[in-house]
Amino acid sequence: MDDKNTKNTTDEVTQSWLEKIAANILMPHSPAEFLTLVNLAVKKGTIDAESRDMIKGVLNVASSQVRDIMIPRTQMATIHIGMSGDAILEAVTNASHTRFPVFAKNREDIVGILHTKDLLKIEVENNRLTSELIRSILRPAIFVPESKKLDALLREFKSSHNHLAIVVDEYGVISGLITIEDILEEIVGDIEDEFDEEETQIRPIDDEQYSVDALTEIGDFNDFFDSDIDDDEVDTIGGLVVNTLEHLPKVGEEITIDKFLFRVSAADERRVLTLTVKPLYDNAS
């Protein structure tokens, strides 16, 4: 073998050896290791932080289930098939959605999905809405289990051209709904259009008190008040109060949690709606 062939063979072996070493060093063996490399790429300026967040969102979608991000049943905007045309138009106009589950006998009896585009068309053509006309334009409702993986549902949404699914638990009871937008927002962040109203969940009442929506996530509460309330057991401030009290509180009931005085300012028979919060600052600090 001449010197040239020997050199080529040596170079090939060296290249293969270097590739194996690089693979062992750089090839991540878990999502956590992969994110470590992504964070390093952000520090070096190879990618920006926004791209990093989208990558994290993709990984989150791949590992999450429908139950993790679904809209709970208590917050579902629905329409009864027997509602008058004016009532349906008012409900649609006051909401920021384009698709509405329609039920008949009760909220478990979903008979289809009403799309506002279809509603507008029959309103223009008929000048009045009837139950029969509403039924004629309903689109089939898609039902998915709470345990379905988000990435699998996203693929299903894309292939079937559906944008909304009704979520059921292991007993077949409706527990919420989920849209394709909910999944995409896990990747790209909140998607808002010109019809979305900015929601202010924490509003000052005076210099000492704040009105807080019970659905405010504990992470958002901590960010606003610079606190560190644990969110391992519950996700929302309302859930925190109920979990701590161990019962559904009535309006006016108070409890102190982590240097905050919480008073229930609005509630119904099933859940807390609004809380008045007063930070109990340490005067000595």
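In which loop is the place of Glu-208?

**Figure 1. The whole chain of a predicted model.** In this predicted model, local features need pLDDT of at least 70 and side-chain atom pairs count only at pLDDT 80 or more, while totals for chains, interfaces and linings use all residues. Residues are numbered from 1 along each chain as its sequence is written, and side-chain values use heavy atoms, with hydrogens and water left out. The chain holds 11 helices and 12 strands, where helices (H or I, at least four residues) and strands (E, at least two) are DSSP runs numbered from the N terminus. Of the 285 residues of the chain, 30% count as buried; buried means under 20% relative accessible area, exposed means over 50%, and partly exposed lies in between (1.4 Å probe, protein chains only). Among contacts between residues at least 6 apart in sequence, 43% join residues at least 24 apart, a contact being heavy atoms within 4.5 Å.

**Figure 2. Close-up of Glu-208 in its loop.** Glu-208 is placed in the loop between β8 (202-204) and β9 (210-213). With a relative accessible area of 49%, Glu-208 is partly exposed. Leaving aside neighbours within four places in sequence, Glu-208 is in contact with Val-277, Lys-278 and Pro-279. Glu-208 and Pro-279 are 71 residues apart in sequence, and their C-alpha atoms are 7.2 Å apart in space.

**Figure 3. The open sheet of four strands.** The sheet is formed by 4 strands in the order β1-β7-β6-β5, with mixed pairing; two strands pair if DSSP finds at least two bridges between them. Its edge strands are β1 (71-72) and β5 (143-145), each of which pairs on one side only. Strand β7 (residues 174-179) is joined to β1 by 2 bridges, and the two run antiparallel, with Ile-71 standing opposite Leu-177 in β7. Helix α8 (residues 150-160) packs on this sheet, where α8 touches β5, β6 (164-168) and β7, and the direction of α8 makes about 65° with that of β7. Helix α9 (residues 180-188) also packs on the sheet, touching β1 and β7, and its direction makes about 65° with that of β7. For these angles, axes are lines fitted to C-alpha atoms, for helices over the stretch in contact, and the angles run from 0 to 180 degrees between N-to-C directions.

**Figure 4. The contact of helices α8 and α9.** These two helices pack at an angle of about 125°, with their axes 10 Å apart. That angle makes α8 oblique to α9, since angles under 35 degrees count as roughly parallel, over 145 as roughly antiparallel, 65 to 115 as roughly perpendicular and the rest as oblique. The contact is made by Leu-150, Leu-153, Leu-154 and Phe-157 of α8 together with Ile-180, Ile-183 and Leu-184 of α9. The buried residues of α9 are Ile-180, Asp-182, Ile-183 and Ile-187, and what covers them includes α3 (49-63), α4 (66-69), β1, α8 and β7. Just after α9, Gly-189 takes a positive phi of about 90°.

Figure 5. Strand β3 (residues 99-103) pairs with β4 in the antiparallel sense over 5 bridges, and Val-102 stands opposite Gly-112 in β4. Asp-118 is found in helix α6 (residues 116-126) and is buried, with a relative accessible area of 17%. Not counting residues up to four places away in sequence, Asp-118 touches Ile-137 and Arg-139.

Figure 6. Strand β10 (residues 254-257) has a covered face, Ile-255 and Ile-257, and an uncovered one, Glu-254 and Thr-256. Joined by 4 bridges, β10 and strand β11 (residues 260-267) run antiparallel, and Ile-257 stands opposite Phe-260 in β11. The hairpin has 2 residues between the strands, and Asp-258 takes a positive phi near 50° there.
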